Amino acid sequence: MTALNHSLNSVPRFNGQRPRVAVVGAGIVGLAHAWAAAKRGWEVILIERNRQAQGASIRNFGMVWPIGQEHGQLYRTAVESRGYWLELARETGLWARPCGALHLAYRDDELAVLDEFAQMAPAFDYDCRLIPPQEALKMSAAAKSEGLLAALWSPTEVCVDPREIIREMPSWLEQRWNVELRFDSPVEKVDRHGVTLADGGRVAADRVVVAAGTDFRLLYPDLFAEANFRQCKLQMMRTPVQPRGWTLGPMLAGGLTLRHYEAFAECPSLPALKARVASETPELDKYGIHVMASQNGLGEVVLGDSHEYDAEITPFDKRDIDELMLRELRRMIDLPDWTIEQRWHGIYPKSPGLIQYENQPEPNVEVVIASGGCGMTMSFGFAHRLWDRWDPLDARLRTTANGTVESPA
């Protein structure tokens, strides 16, 4: 990269002015777009209806999970997103641990799927390999040794703490990139010239990015219906800080997870695994349960999750779901302390076969929604790619944190 002698304000713009973008929503998608736009020299106003984003972005594992993404552009975007997460951690000091992930196989059909995936992986540029039990047990203090057949090791996954990111990243954007924060400011209407707030205030903008998650349906109910979005509810749990500095090691996923992520869809043995689960444990399919575990920087272990849709969703969590998740987790991991200190759920929009929803309801207005629960994994990569497309000048001239502009060599 060759640095050019331009200040942030001297980047060529129409009418000699820096253009302004209003980003609606301070969840991970909105934060990603605010960052991407600011890096390209835009004046950014970040608008959030609450004092802090309260939706799906703060209610998840904190797993940046490239290994689950379909091969090709989605996987490449996930890996790019991983790079931005590590850049953010370097810039801010926010906690991010590139710990990788293990998929543990305790059944023959799980091993068959993982073996097939490992064999296909080089052709699809996945960075992973099948490892024997003894190697997996050296990596993870939590993996159960009894019955472990093998594990798929992937080094690309990064663990972050959603609570910390959602709380701290807006302030960093404000201090480092001069992003203006308008929090506790519900939006009443969006149009091509800006945003009208519920209190009657007006934010003029050259572009509006609506990144409001499930609240997008309140602004654009017709678009929400046309996209066949469903609402999906996930139940999750968190332990206390594990004792004596115990660490989980890599993030962990079980064989049930192979049913959930598109990365494994082409494995020939997957239908047999799905059929076995449906026959032996139909209750897991009923609630869309697959089990995973991550550990945040405080030492707490996050456990989950389940999937309920639309009319099945109530404000009240089901004890049966938590007990089923814990039953399956205990089959594959050991924790020093299984106390459940917190229980909660999150709700996100999901459209069949869609990871990122984009729509332009009118000129200068872009609706961007993370679909399918992949916001933490995909949003940074998607946002930078979209801003390259929306603002081709700044795909070539990229502002750095100190206000200079860089151009690819």
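## A walk through the fold

Let us begin with two strands: β11 and strand β12 (residues 194-197) run antiparallel and are joined by four bridges. Helices (H or I, at least four residues) and strands (E, at least two) are DSSP runs, numbered from the N terminus. Two strands pair if DSSP finds at least two bridges between them. Within this pair, V187 has L197 in β12 as its bridge partner.

Before going on, please keep in mind that this is a predicted model, in which local features need pLDDT of at least 70 and side-chain atom pairs count only at pLDDT 80 or more, while totals for chains, interfaces and linings use all residues. Residues are numbered from 1 along each chain as its sequence is written, and side-chain values use heavy atoms, with hydrogens and water left out.

Now back to the strands. The two belong to an open sheet of three strands, in the order β11-β12-β13, with antiparallel pairing. Its edge strands are β11 and β13 (202-204), each of which pairs on one side only. On average, neighbouring strands of this sheet are turned by 15 degrees against each other, direction ignored; here the axes are lines fitted to C-alpha atoms, for helices over the stretch in contact, and angles run from 0 to 180 degrees between N-to-C directions.

Another antiparallel pair is made by strand β21 (residues 356-362) and strand β22 (residues 365-370), with five bridges between them. E362 stands opposite V365 in β22.

Most residues other than glycine have a negative phi, and most peptide bonds are trans. D184, in the loop between β10 (180-182) and β11 (187-191), is not a glycine, yet has a positive phi of about 55 degrees. R244 also has a positive phi of about 55 degrees without being a glycine, and lies in the loop between β15 (230-241) and β16 (251-253). How accessible are these two? Residues count as buried under 20% relative accessible area, exposed over 50% and partly exposed in between (1.4 Å probe, protein chains only). D184 counts as partly exposed because its relative accessibility is 45%, whereas R244 counts as exposed because its value is 79%.

A cis peptide bond joins G304 and D305, with omega of about -5 degrees. D305 sits in the loop between β18 (300-304) and β19 (308-309), and H307 is found in the loop between β18 and β19 as well. H307 counts as buried because its relative accessibility is 4%. Contact means heavy atoms within 4.5 Å, and leaving aside neighbours within four places in sequence, H307 is in contact with residues including C232, K233, H260 and Y348. H307 and K233 are 74 residues apart along the chain, but their C-alpha atoms are separated by 5.5 Å. A polar atom of the side chain of H307 also lies 2.7 Å from the backbone oxygen of G288.

Next come the helices. Two packed helices are described by the angle between their axes and the distance between the axes. Helix α1 (residues 28-39) and α2 pack at an angle of about 75 degrees, with their axes 13 Å apart. So α1 is roughly perpendicular to α2, since angles from 65 to 115 degrees count as roughly perpendicular, under 35 as roughly parallel, over 145 as roughly antiparallel and the rest as oblique. I28, W35 and K39 in α1 meet Y84, W85, E87 and L88 in α2.

T77 is found in helix α2 (residues 73-92) and is buried, with a relative accessible area of 0%. Not counting residues up to four places away in sequence, T77 touches M378, G381, F382 and R385.

Finally, look inside. A nonpolar core is a set of buried Ala, Val, Leu, Ile, Met, Phe, Trp, Tyr and Cys residues joined through side-chain atoms within 4.5 Å. The largest nonpolar core has 63 residues, and those with the most contacts inside it are W65, L104, F117, F264, L303 and I333. Helix α10 (residues 319-330) gives the largest share of this core, five residues. Apart from it lies another core, of 42 residues, among them I166, W177, V368 and M376.

Definitions and conventions:
Polar contact = N/O pair within 3.5 Å; in protein donor to acceptor, adjacent residues only side chain to side chain.
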